[in-house]
Amino acid sequence: MSKKRRKLNKDFEKKIYSSKKDVELVLAKIYDIDDEDIQKEYIAAFNRVVFLYEQLKDDYEQKGFNDYSEGLLTDYKNAFDLFESEFEI
């Protein structure tokens with residue numbers, strides 16, 4: 001039985017790449033915080049964003065672009081925006 005090809009979407013790939021850069025930038029800023037307690041608080045709060053980004057990336061790599069993809073991207077963006085509104089980076 002042949003394997004079904006995953007559907008690719010260049011615009012969606014650009015959004016995933018941009019999301020990766022945003023996550024990397026925030027993590028770098030968090031790791032630059034000198035106060036260990038504050039750093040742990042920021043990391044704990046940002047873990048949800050990282051989890052959603054990983055889920056988005058993995059889903060696209062395994063299944064390609066699908067109906068679920070847009071929902072994952074929306075969830076990631078909402079979590080990122082919430083983090084930014086609650087924590088100053």
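I take a nonpolar core to be a set of buried Ala, Val, Leu, Ile, Met, Phe, Trp, Tyr and Cys residues joined through side-chain atoms within 4.5 Å, where buried means under 20% relative accessible area, exposed over 50% and partly exposed in between (1.4 Å probe, protein chains only).

I note that this is a predicted model, in which local features need pLDDT of at least 70, side-chain atom pairs count only at pLDDT 80 or more, and totals for chains, interfaces and linings use all residues. Residues are numbered from 1 along each chain as its sequence is written, and side-chain values use heavy atoms, with hydrogens and water left out.

Entry on the core. I looked up the largest nonpolar core and found 20 residues, with F12, F46, V49, Y76 and F83 having the most contacts inside it. At least two residues of this core come from each of α1 (10–31), α2 (36–63) and α3 (67–86), helices being DSSP runs of H or I with at least four residues, numbered from the N terminus. The largest share, 7 residues, is supplied by α2. For V49, leaving aside neighbours within four places in sequence, I list contacts (heavy atoms within 4.5 Å) with V23, Y76, A79, F80 and F83.

Entry on charges. Counting a salt bridge as a side-chain nitrogen of Lys or Arg within 4 Å of a carboxyl oxygen of Asp or Glu, I get 6 of them. In one, K63 meets D59 at 3.6 Å, N to O; K63 is exposed at 52%, whereas D59 is buried at 7%. I also find E54, K57 and D58 linked in a salt-bridge network.
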